[in-house]
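Please look through the following structure slowly, with the sequence at hand, before reading the briefing below.

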Amino acid sequence: MKPLEIADVGFTYEDGTVALKGLSMSIGKGEKVAVVGPNGAGKSTLLHLIAGFRMPFSGQVMIEGRPLDESSADDLRKHVGLLFQDPDDQIFMPTVEEDVAFGPRNLGLDDIEGRVARGMRSSGMETLAKRKTHRLSYGMKKRVAIAGILAMDPAILLLDEPTSGLDPRSRAELIGLLKEMDRTMLIATHDLEAAAEIVDKAVVLNVGMLMEGTMRELVLARDLMHEAGLELPPISKLFRVLETMGYPMDDLPVSLDEAVEQLTRVIDREGKHAHAHIHTHVHGGHEDDHKHSKAAAGERQPRDEK
Ligand SMILES: Nc1ncnc2c1ncn2[C@@H]1O[C@H](COP(=O)(O)OP(=O)(O)O)[C@@H](O)[C@H]1O
Ligand SMILES: [Mg+2]
């Protein structure tokens, strides 16, 4: 039994806007999946359906093996935690600890204190319990909202554009947090760079599903990327440029970690050769003519810092 199964789901808003059509997908336990797609693709609508805020017009959402409907929604909501795009829509208690306690208390869960402590620890907020929520930075508010969700210990964590509006440091910290977190996750985003750091699998959505695959399969699908209004992560762009310069790329890296891993491998394997090769592409001529490039390459030692 998977934590989340969606079968042929469709949703149309009251004004006739078709937001989702014929969508089927599932998420395995502990799996992290990104839902990517342009604005208006139906990402937020999908998360709201899974969270039980709205009911699908057609098809079925199954949470922990149980169909989500009007009668099961209240109960199944306990298994799903949704992080809103804007933390101000989610935070309304005066202090951090009161806000984190609100969710579990509202659901009538036991051991509120323990839950609050765990939620705050998992989101790195433990020293900020007494702080006034309205004075926190936007990034910190996101963390408070995440702590509040984790305090409810949901089987599935839904995150709506979690990196939007964050400054670079908060963004990096949030990515690190989500990457380390051992929990089933569905992340709606158009930040492919962040997604590549966090998730294993991506679903490309535009009312219906356009593709499902690994992040690498996604970034390699150029036409689809264009159609879905998606941009390559900067690191992948850089490697595309390197490739045209003769860099022997085995696989297009989609994250910084992958890029470093691949570079280490390539330098180990063919260090000075690759350097000379790139030099030739950039400056023309024959590889053997470039003695200085070999000398420069010879100084490089394969690094092994880990
Ligand atoms: N409350 C609403 N009433 C009518 N249409 C809506 C409403 N919310 C969203 N939509 C429309 O539904 C579609 C999907 O929106 P949304 O799920 O917010 O997409 P995304 O999160 O991918 O940007 C869009 O065309 C949007 O304009
Ligand atoms: Mg949205």
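This is a predicted model: local features need pLDDT of at least 70, side-chain atom pairs count only at pLDDT 80 or more; totals for chains, interfaces and linings use all residues.

Which residue takes a positive phi in the hairpin of E1 and E2? It is Gly16, with a phi near 95 degrees, and the hairpin to which Gly16 belongs has five residues between the strands.

**The hairpin**
- Strand E1, which covers residues 4-12, and strand E2, which covers residues 18-27, pair in the antiparallel sense, and six bridges link the two.
- One of the residues that can be followed across this pairing is Phe11, whose bridge partner in E2 is Leu20.

**The open sheet**
- Six strands make up an open sheet with mixed pairing, and reading across the sheet gives the order E6-E7-E8-E3-E9-E10.
- The edges are held by strand E6 (80-83) and strand E10 (208-214), each of which has a single partner strand, so one side of each is left without a neighbour in the sheet.
- Going from one strand to the next, the twist averages 20 degrees.

**Two helices in contact**
- Two packed helices are described by the angle between their axes and the distance between the axes.
- For helix H3 (residues 96-106) and helix H5 (residues 138-150), the axes come within 7 Å and cross at roughly 40 degrees, and H3 and H5 are therefore oblique to each other.
- The crossing in which H3 passes H5 is right-handed.
- On the H3 side the contact involves Val96, Asp99, Val100, Phe102 and Gly103, which meet Val144, Ala147, Gly148 and Ile149 on the H5 side.
- Sorted by class, this contact of H3 with H5 consists of six nonpolar, two polar and one charged residues.

**Around ligand 1**
- The residues that surround ligand 1 are Tyr13, Asp15, Thr17, Ala19, Gly37, Asn39, Gly40, Ala41, Gly42, Lys43, Ser44 and Thr45.
- Helix H1 (residues 43-50) supplies the largest share of this shell, namely three residues.
- By class, the shell around ligand 1 holds seven polar residues, together with three nonpolar and two charged ones.

Note on methods
Residues are numbered from 1 along each chain as its sequence is written. Chains are lettered from A and ligands numbered from 1 in the order in which they are written. Axes are lines fitted to C-alpha atoms, for helices over the stretch in contact, and angles run from 0 to 180 degrees between N-to-C directions. Helices (H or I, at least four residues) and strands (E, at least two) are DSSP runs, numbered from the N terminus. Angles under 35 degrees count as roughly parallel, over 145 as roughly antiparallel, 65 to 115 as roughly perpendicular and the rest as oblique. A crossing is left-handed if the near helix is turned anticlockwise from the far one by less than a right angle, and right-handed if clockwise. Two residues are in contact if their C-beta atoms, placed from the backbone, lie within 7 Å. Ala, Val, Leu, Ile, Met, Phe, Trp, Tyr, Cys and Pro count as nonpolar, Asp, Glu, Lys and Arg as charged, and the others, Gly among them, as polar. Two strands pair if DSSP finds at least two bridges between them. A residue is near a molecule or strand if its C-beta atom, placed from the backbone, lies within 6 Å of it.
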